[in-house]
Amino acid sequence: MLTAGLTDAAIAAHLGWSDRTVRRHVRAMMVRLDAHTRFQAGYQAVVRGWLDAP
């Protein structure tokens, strides 16, 4: 959903979560990927094989 460009609010609505829960999960993923921005997280996810490159 992040790669599709959805906002935290849109992701939260889609999953039935709160915005805060989405932000917490995104932040945990960014820490795991050693990324400082969402763009870096996306790049690292592709490099590590978590996602297919578009």
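Modeller: Helices (H or I, at least four residues) and strands (E, at least two) are DSSP runs, numbered from the N terminus. This is a predicted model, in which local features need pLDDT of at least 70, side-chain atom pairs count only at pLDDT 80 or more, and totals for chains, interfaces and linings use all residues. Residues are numbered from 1 along each chain as its sequence is written, and side-chain values use heavy atoms, with hydrogens and water left out.

Biologist: Which helices each supply at least two residues of the lining of the largest pocket, and which gives the largest share?

Modeller: On a 1 Å grid over the protein atoms alone, a pocket is an open set of points where a 1.4 Å probe fits, with protein on both sides within 12 Å along at least five of seven lines; lining residues have an atom within 4 Å of a point. The helices that each supply at least two lining residues are α1 (8–15), α2 (19–32) and α3 (38–47). The largest share, seven residues, comes from α3.

Biologist: What is the volume of the largest pocket, and how do its lining residues divide into nonpolar, polar and charged?

Modeller: The lining has 23 residues, and those nearest the pocket centre are M1, L2, T3, M29 and L51. Ala, Val, Leu, Ile, Met, Phe, Trp, Tyr, Cys and Pro count as nonpolar, Asp, Glu, Lys and Arg as charged, and the others, Gly among them, as polar. A volume is the space filled by probe spheres set on the points, with grid points joined across faces, edges and corners. The volume is about 580 Å³, and the lining divides into 17 nonpolar, four polar and two charged residues.

Biologist: Which residues form the largest nonpolar core, and which element gives the most to this core?

Modeller: A nonpolar core is a set of buried Ala, Val, Leu, Ile, Met, Phe, Trp, Tyr and Cys residues joined through side-chain atoms within 4.5 Å; buried means under 20% relative accessible area, exposed over 50% and partly exposed in between (1.4 Å probe, protein chains only). The largest nonpolar core has nine residues: I11, A12, V22, V26, M30, L33, A35, A41 and A45. Two or more residues of this core come from each of α1, α2 and α3. The element that gives the most, with three residues, is α2.

Biologist: Why do the buried residues of α1 lie on the same side of the helix?

Modeller: The buried residues of α1 are D8, I11 and A12. They lie on the same side because they cover an arc of only 100 degrees around the axis, the arc being that of the directions from the helix axis to the C-beta atoms. An α-helix has 3.6 residues a turn, so residues three or four places apart point the same way. On the face turned away from the buried side are the exposed residues A13 and H14, while the cover over D8, I11 and A12 includes α2 and α3.

Biologist: Is D8 buried or exposed, and what is in contact with D8 beyond four places in sequence?

Modeller: D8 belongs to helix α1 and is buried, since its relative accessible area is 14%. Contact means heavy atoms within 4.5 Å. Leaving aside neighbours within four places in sequence, D8 is in contact with D19, V22, R23, V26 and R38.

Biologist: What does V26 contact, again leaving aside neighbours within four places?

Modeller: V26 lies in helix α2 and counts as buried at 9% relative accessibility. Its contacts beyond those neighbours are L2, D8 and R38.

Biologist: How far apart are the C-alpha atoms of A41 and V26?

Modeller: A41 lies in helix α3 and is buried, with a relative accessible area of 4%. Not counting residues up to four places away in sequence, A41 touches M30, L33 and A35. A41 and V26 are 15 residues apart along the chain, and their C-alpha atoms are separated by 9.2 Å.

Biologist: Which residue has a positive phi although it is not a glycine?

Modeller: Most residues other than glycine have a negative phi. In the loop between α2 and α3, a residue that is exposed, with a relative accessible area of 60%, has a positive phi of about 55 degrees. That residue is D34.
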